[in-house]
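Trainee: I have a new model on the screen. Can you show me how to read it, feature by feature?

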Amino acid sequence: MVESGRVRGVESAGELLAADRVVLATSAWTRELVPELPVIPLRSHAALSEAIPPIAAPAFEVVVDGEIIYGSTQFANGHLLLGGGPDRPRTMSEQYDYTMSFKDTLKNACLLARIYPRLAGVHIVRCWAGTMGTTPDGLPLVGKSRVAEGLFVIAGFPNGMAFIPYIAALLAALAAGQTPELDLDIFQPDRFAGLDIRLPETYNYTILADYLGRL
Ligand SMILES: Cc1cc2nc3c(=O)[nH]c(=O)nc-3n(C[C@H](O)[C@H](O)[C@H](O)COP(=O)(O)OP(=O)(O)OC[C@H]3O[C@@H](n4cnc5c(N)ncnc54)[C@H](O)[C@@H]3O)c2cc1C
């Protein structure tokens, strides 16, 4: 809730929770609340493996058969999350479609087994689709926004599981009026203000990366 250019609080279930500082951490849904912040929704797939011994350097972004495949995180309990198989191009609203077909699952599993041959015999315990947020330059929006006095933003991490908690702690310090131990300026949330950012009518991660690289 913003009045006279100042944050007044958050409205939830019809109730106003008053606050003079609010942190917006709504990733792919950010534009619904603040259209000036260009977080781009991007549908993605994920597969979760059974628990396996730690594997070395699991994070990746590679191109296979002309498609970008990206992201993996191994949890402390050994489960490996493999995110980001290729998806067919979709409209903006379809980026929020969470259905998964056998074909999607099979294609992803085959690609992942090519990237990680030693995982070929590992069991997958769950697959799903979801929406993550990205931005026109691929960097998240983190910091104080000029859209309203008292508004802080942390959004637009396409593959952020490993480092969001740390960056969130830096933002929390900033919102509390302290100086964060690392400068967040590179992530300034209003850096796209005034730019006319148009997206292709349909896109997936590969199309988006290619298209935005030309901006
Ligand atoms: C299928 C898939 C696989 C992924 N795989 C990996 C991976 O292997 N490794 C990796 O590092 N990252 C991966 N990611 C990306 C990772 O999930 C994101 O980087 C991370 O979740 C971003 O965290 P966040 O808190 O910024 O946003 P989110 O986790 O998206 O949280 C945003 C929250 O805001 C809520 N929200 C939206 N609108 C409102 C509103 N109006 N009011 C209140 N709440 C609202 C949403 O419900 C959501 O819970 C994957 C993403 C997906 C979708």
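Trainee: In what order do the 4 strands of the open sheet lie?

Mentor: Keep in mind that this is a predicted model. Start with the general idea. Strands of a sheet pair through backbone hydrogen bonds, either parallel or antiparallel. Here the order is β9-β10-β6-β12, and the pairing is antiparallel.

Trainee: Which are the edge strands?

Mentor: β9 and β12, since each pairs on one side only. From one strand to the next, the twist averages 20°.

Trainee: How many bridges join β9 to β10?

Mentor: The two antiparallel strands are joined by 3 bridges. For a residue-level view, find Gln74, which stands opposite Leu80 in β10.

Trainee: Which strands does helix α2 lie across?

Mentor: Helix α2 covers residues 102-115 and lies across β6, β10 and β12. Its direction makes an angle of about 65° with β6.

Trainee: Now helices. What span is expected for α3 at 1.5 Å a residue?

Mentor: General idea again. An α-helix has 3.6 residues a turn, so residues three or four places apart point the same way. α3, residues 164-175, has 12 residues. From first C-alpha to last, α3 reaches 16 Å, close to the expected 16 Å. Just after α3, look at Gly177: its phi is positive, about 85°.

Trainee: Next, the domains. Which residues belong to each?

Mentor: The domain assignment gives domain 1 as 2-39 + 142-196 and domain 2 as 40-134. The C-alpha centres of the two domains lie 28 Å apart. Their contact takes 12 residues from domain 1 and 11 residues from domain 2.

Trainee: What kinds of residue make up the side of domain 1 that touches domain 2?

Mentor: That side has 8 nonpolar residues, 4 polar and no charged.

Trainee: Last, the ligand. Which residues come nearest?

Mentor: Ser27, Gly83, Gly130, Gly160 and Met161, out of the 26 residues around the ligand. By type, the shell divides into 14 nonpolar, 12 polar and no charged residues.

Trainee: Where do the shell residues come from?

Mentor: Both domain 1 and domain 2 give at least three residues each. Now go back to the sheet strands. β6 (40-51), β9 (72-74), β10 (79-83) and β12 (124-134) each supply at least two residues of the shell. The largest share, 4 residues, comes from β12. Recall that β12 is an edge strand of the sheet.

Terms used
Residues numbered from 1 in each chain as written. Predicted model: local features only at pLDDT ≥ 70, side-chain atom pairs only at ≥ 80, totals over all residues. Domains from an automatic or database assignment. Contact = placed C-beta atoms within 7 Å. Nonpolar A, V, L, I, M, F, W, Y, C, P; charged D, E, K, R; others polar. Expected span 1.5 Å × (residues − 1). Near = placed C-beta within 6 Å. Pairing = 2+ DSSP bridges. Axes fitted to C-alpha atoms, helices over the stretch in contact; angles between N-to-C directions.
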